[in-house]
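Hi,

Here is the structure I promised to pass on.

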Amino acid sequence: MKFIFLLSLPLYALDQWTKQAVLRFISPDEPRIVIPDFFSLVNVTNTGAAFGSFSNNNTFFIAISSVALLVVLALLVRRRRSDRWRNISLALLLAGILGNLTDRLLYGHVIDFLLFDLHIPYAHPWPAFNVADSCISIAVVLFIIHSLWQATGKIVGRAHRPTCLSY
């Protein structure tokens with residue numbers, strides 16, 4: 001449990017600190033170009049979900065985030081054998097949920113500020129995101145990898161376990 005909080009709390013703090021810096025130093029009308037034609041810092045508000053989908057549903061997403069937070073906390077306090085992948089995934093998920101939920105409660109929207117232009121279809125530019133979004137995305141990828149490894153029995157030194165009981 002200590003490991004989870006040692007990972008989650010600094011990431012949550014980084015998320016909130018970077019968003020405060022964006023609010024203070026970047027105008028919504030004036031992006032800061034860091035790498036021309038590739039990376040900019042912006043000040044974008046998002047009242048919806050990923051990629052701005054389902055906009056203007058902040059109350060709904062506060063409820064969903066609150067439920068997700070309770071589920072993650074329940075998984076964290078559940079007595080289980082130590083599992084590094086599970087712990088890292090849950091720590092990242094906890095930091096991400098808390099970061100975006102804090103924004104929704106304080107501002108009524110999520111603050112996004114990282115904008116990449118990958119110059120490929122559907123990523124020209126990639127929708128703006130933040131540290132919390134990155135934590136959630138990485139947690140999901142780790143969860144999928146971990147579940148696939150468990151399903152195929154490829155985790156070295158571990159017996160095959162059903163994936164539906166992993167989390």
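Helices (H or I, at least four residues) and strands (E, at least two) are DSSP runs, numbered from the N terminus. On provenance, this is a predicted model, with local features needing pLDDT of at least 70 and side-chain atom pairs counted only at pLDDT 80 or more, while totals for chains, interfaces and linings use all residues. Numbering starts from 1 along each chain as its sequence is written, and side-chain values use heavy atoms, with hydrogens and water left out.

Helices α1 and α4

On the α1 side, Leu11, Leu14, Asp15, Thr18 and Lys19 meet Val131, Ala132 and Cys135 of α4. Those contact residues split into five nonpolar, one polar and two charged (Ala, Val, Leu, Ile, Met, Phe, Trp, Tyr, Cys and Pro count as nonpolar, Asp, Glu, Lys and Arg as charged, and the others, Gly among them, as polar). The axes of α1 (residues 2-25) and α4 (residues 131-152) come within 8 Å and cross at roughly 145°; axes here are lines fitted to C-alpha atoms, for helices over the stretch in contact, with angles from 0 to 180 degrees between N-to-C directions.

The sheet

There is an open, antiparallel sheet of three strands, ordered β1-β2-β3; two strands pair if DSSP finds at least two bridges between them. Because β1 (32-35) and β3 (110-116) are the edge strands with a single partner each, one side of each has no neighbour in the sheet. From one strand to the next, the twist averages 35°. Three bridges link β1 to β2, with Arg32 opposite Leu41, and six link β2 to β3, where Ser40 faces Leu115. In the β1-β2 hairpin, three residues sit between the strands, and Asp37 has a positive phi near 60°. Helix α3 (residues 84-107) lies across β2 and β3, at about 125° to β3.

The cores

A nonpolar core here is a set of buried Ala, Val, Leu, Ile, Met, Phe, Trp, Tyr and Cys residues joined through side-chain atoms within 4.5 Å, and buried means under 20% relative accessible area, with exposed over 50% and partly exposed in between (1.4 Å probe, protein chains only). The largest core has 14 residues, and Leu11, Val22, Leu92, Phe113, Leu114 and Cys135 have the most contacts inside it. At least two residues come from each of α1, α3, β3 and α4, and α4 gives the most, with four. A second, separate core has ten residues, including Leu69, Ala91, Ile97 and Leu101.

Asn130 and Asp112

Have a look at Asn130 too, in the loop between β3 and α4: its relative accessible area is 0%, so Asn130 counts as buried. Its side chain makes a 2.8 Å polar contact with that of Asp112 (a pair of N or O atoms within 3.5 Å; within protein, one must be able to donate a hydrogen and the other to accept it, and residues adjacent in sequence count only if both atoms are side-chain atoms). A polar atom of the Asn130 side chain also lies 2.7 Å from the backbone nitrogen of Asp133. The side chain of Asp112 has a polar contact with the side chain of Asn46 as well, at 3.4 Å. Asn46 belongs to β2 (residues 39-46) and is buried at 11%.

Cheers

Key
Contact means heavy atoms within 4.5 Å.
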